[in-house]
Structures are given as C-alpha cells and as structure tokens.
Amino acid sequence: MTAPQPDNGAETPPAPSNPDAQAAPDDTAEMDARMTPEEAPISGRKKFGTFGGVFTPTVLTILGVIMYLREGWIIGNAGLLGGLLIITLGFAITLCTALAMSSITTNIRIGAGGAYAVIAQSLGLEVGGSVGIPRYLSQAFAVTMYIFGFREGWLFVFPSHPALLVDIATFATLYGIAYVSADFAIRVQYLIMALIGASLVSIAAAAATGSMQYGLGEVQLWGDFTGTPADPTRPNSFWIVFAVFFPATTGIMAGANMSGDLKDPKRSIPVGTLAAVGVSFVIYVVLAVWLALSATPEEMVSSYTVMVDKAYWPPAVLAGLLGATFSSALASLVGAGRILQAMGAHRVVPKADWLAHLAPDGEPRHSMMVTGAIIFASLLVRDLNAIAPLITMFFLVTYAMICAAVLIEQGLGLVSFRPRLRIPIWVSFLGLAGSLLAMFIINPTISVVALVVTLGFYVILARRQLDAPFEDVRSGMFVALAEWAAKKVTELPTMQERA
C-alpha cells in the first residue's frame, strides 16, 4: 500500500477511449455542472472535519454493546488466543473493506449517501440502488436494535421502568437530536465519547489496583466453547463465536454516511475511518487481555456483565454501555436519513423529489421523517431477532460490493481509476472474499435471502432505466473486456471457424 499522493500537477494521462468512463479525480468543474439541485452546495450549510464527521461516529459505533456485554463471553468461550484470533480476523476483513472504500473515495467526487454513492458512481445507479435500498432499511432497523440494547442497560439500573416507555422515550430523544441538525448530533457524540473514555479509565484503574489476579501461565489460551449464560451446556464452535463478534466491526460506514456533510470527504473518509479501525482494534485487544487476566472462563461465560463487575467503578462502565448504544443509534439514524435523501436525489426511490428535499440549513428533514416512521413502527414489533441476522447481511453485501467495485477498476486497469490512495489488488480481493465468507459463516440461509433481495431490487431498478447525473465505469469495463477478448482471438494459432 502506498500513501495518498499529492496532486503535483503532473501531466494528465490520455483520456479514455470510452466517453462514458468515470471522471478523473480532478474533473470537478464538469462534475459540478452535472450535479442535481439537491446535491449542490448550500450556502451556510455546516460542514464537518475528519474528527467530528468521520472518526467520532465510526469509533463510537464500533465500541458498542458487543464490547461491553459480549467480549468477556467471547474470551471465556474461545480462550485468550482464540479470542484474539477472532478479533483479528474480524478487524482484518473490516480493514480490507475500509482500505478499498478509502481508495475509491480518493478517485471520485463523492456526494451524499456514503457507500451507496460510492457503489453508484462505480457500477451504476441500478447496482448502487439495489445495495442502497436494503442498506438503508437495515440502517434504520439497526437503530431499533440499538434502542433495545440501550433499554436492556437502562433496565439493569432501573428494573421497575416499563420497557415500552423506555424504548419510546429513547427514540424520541434520538429523533429530536437528529432532526435538529447533524451538528447537534455530533456535539452529543462528543459527550458520549467522554463517557466511554471514563469507562475505559475505570477499567484501567481496576487493572492498576490488582484486578489482573491471574498470570499468563494460568490463563486458558484456547477455550472449550462451552455455551451461553442461558444454556451453558450447549456447545459452541469457533465460527459461532466469531458470528457473535463480527457485527461489532460493521460500524465503519458510520463516518462515510456523512459524505455529503464533510469539508473534504476525499481526505476525511480515509483518514477518519482507518484511524477509527486502528484505535478500536487496540482497545478490543487490550480489553481481551485484561479480561483473561481478571476473570475465570466460567465467570466470563456465565455473566454478560463481567466487564462491569470487574471494573474499578462499575457505574462508569454502565454509563459507557448506555452511551455506546445511544451513540450507535444516533449515528445510524443520522446516516440513514442521508442515504435516503441521496437515493431520492437520484430518483432511485418513490416520491424522489419530496425525499430529496433539503431544508435551508442543509438537513434532509423529509427523509428523516420517513426514517423516523420506519423506526417507530419497528419499535412496536417488540422483537427483531428474526431479522437481526439480515441486518448484518446487508451490511456485508455493501462491504462486498465496495471491494468488488475497486477490484474491477484495478483489474481492468481503467485510465479513469487514479486514486490518490493506492492499495494492492489483493487487499480488495481479500475484502470481497472475507465479506462473503463472513456472510455464509454467520448464516448461510439468511445470506442467500440477502443476495436474492439485492438481486430483486437490481432487476426492478434496471427496468426503470434510471438516468444518472454522473458517469460510471460500466461502459469502460465492457470496452476493456472486449479489447481483452479481441486480443485473445488474435493470439490463436489459426483462425478456424465452422462453415
């Protein structure tokens, strides 16, 4: 991998023979002319930098409920080395995807919509929409899942509070913050980051005052995969435990979802996302070691709250748990509205003009209304366990398509693909293969359902013959394939055709 290269004014390579090929990174004037009114810059619109717009929502989404309530269970089942292997494998898949996304965002003028915009500008609106629609719905349903997680933490502290009332009050607070502005939401996330920091300080204080009572020689390095607190006798496996952990790493799109609100998305998305992945990985590894040295496998498997129990000041960890679930819900809610607004601007979804509308301050409030209605309706279902795996699958489909887009452009050597951040082709291949592997490890049946749903949306959108306000690489891809086929024909020893 090479570092992002500055624009040094070198001679521009010849234009591609295909007139529909993707625009080069510096062709911003022409691209501005093709922008829809909804995508055009809004005077006075708040723009965010790398820390607030990308790093903060991304790191807070990764450091979520799984870290607080499931990492101990993972180490207790898999052992220290097994748990570290699971953490490393999950983050390796995420890192490959983050690198692929970072590379392609330095090659295009990414608008609003995050991963949807990246895929649409590479493989066309039909492919972008077929991934973007289920991605949007899964993002909205993820808010509900985070609200349920927040409620569980809240009831741990206040067991007498009605569960439905806690859910509705949490949703109302989240929606009020997100509806006001993304700036307000990010300011709230700074406070939540402080709470999570305080919880980690409490854990560090416990380590410094003697919580790590076991030596490395006494630690179980490879676990017995004994089960869950509800049924400790039910055997697990390495891949079942991996499936429990992997959703923790699916938060890397939280910052990319803010692409339309960033001052410099070409810089902020790569730097903020990769920094968040690196920081989160270190925190997960350190916590794994602390847990293994502070609790027995039986304690970790039998109690999801072992991290709270072993902390120097348990209320700080409880506050971090509540803050983590709240911030994850907030980032998902803010991001979901922007994905829907971007699809409305490109007429991918019904009622496109209404959904594409932006308020004078640049907030997509119409899209936020629809998103809020979907989340509220899903709250009334009271149990989303049946579709929870599908949410993860649509995240993984998005990751796979981003890696596929980069792999296609790298493999065909299109002249339009000149990213400032260059990565080896094997990185995008591993990201694609890892995402698909994770899907079928977690749940093969739900994986097939997710792929069928994505294909169904593609068929519907392909029939509509959408008119994109930007070029993509499909024509260049077909031209490159035709040139390759013609070259292979000329290399045949004899031209033999059936009469």
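Modeller: Happy to! A salt bridge here is a side-chain nitrogen of Lys or Arg within 4 Å of a carboxyl oxygen of Asp or Glu. Please keep in mind that this is a predicted model.

Biologist: Okay, so which residue does Arg-187 meet in a salt bridge?

Modeller: Asp-183 is the partner of Arg-187, with N to O at 3.3 Å. That is inside the cut-off, so the pair counts, because the rule asks for a nitrogen within 4 Å of a carboxyl oxygen.

Biologist: Where do Arg-187 and Asp-183 sit relative to one another?

Modeller: Both are in helix α8, and because they are four residues apart there, about one helical turn separates them. Arg-187 counts as exposed, at 52% relative accessibility.

Biologist: How many salt bridges does the count come to?

Modeller: Seven, by this rule. One of them pairs Lys-310 with Glu-299, where the closest N and O atoms are 3.4 Å apart. Lys-310 belongs to helix α13 (residues 306–310) and Glu-299 to helix α12 (residues 297–302), so this pair ties together parts 11 residues apart in sequence. Glu-299 is partly exposed, with 30% relative accessibility.

Biologist: Is Arg-151 buried or exposed?

Modeller: Buried, at a relative accessible area of 11%.

Biologist: Let's zoom out. How many helices and strands are there in the chain?

Modeller: The protein chain has 20 helices and zero strands. It runs to 499 residues, and 55% of them count as buried. If you take contacts between residues at least 6 apart in sequence, 84% of them join residues at least 24 apart.

Biologist: And what about the surface of the chain?

Modeller: The accessible surface is about 20,900 Å², and carbon and sulfur atoms account for 67% of that. There is also a nonpolar surface patch of about 400 Å², made by Leu-81, Leu-85, Leu-221 and Trp-222.

Biologist: Where is Trp-222 found?

Modeller: Look in the loop between α8 (182–208) and α9 (238–245). Trp-222 is partly exposed, with a relative accessible area of 47%.

Biologist: Now the inside. How many cavities of 30 Å³ or more does the structure hold?

Modeller: Three. The largest cavity has about 70 Å³ of space in it.

Biologist: Which residues line the largest cavity?

Modeller: Among them are Pro-57, Gln-189, Met-258 and Val-334. Helices α8 and α14 (314–345) each supply at least two residues of that lining, and α8 gives the most, with four residues.

Definitions and conventions
Residues are numbered from 1 along each chain as its sequence is written. This is a predicted model: local features need pLDDT of at least 70, side-chain atom pairs count only at pLDDT 80 or more; totals for chains, interfaces and linings use all residues. Side-chain values use heavy atoms; hydrogens and water are left out. Patches are made of residues with over 30% relative accessible area and no salt bridge: like charges are joined within 9 Å, nonpolar side chains (Val, Leu, Ile, Met, Phe, Trp, Tyr) within 5 Å. Accessible areas come from the Shrake-Rupley method with a 1.4 Å probe; for residues, only the protein chains shown count as cover. Buried means under 20% relative accessible area, exposed over 50%, partly exposed in between (1.4 Å probe, protein chains only). Contact means heavy atoms within 4.5 Å. On a 1 Å grid over the protein atoms alone, a cavity is a set of points where a 1.4 Å probe fits but cannot get out, and a pocket is an open set with protein on both sides within 12 Å along at least five of seven lines; lining residues have an atom within 4 Å of a point. Grid points are joined across faces, edges and corners, and a volume is the space filled by probe spheres set on the points.
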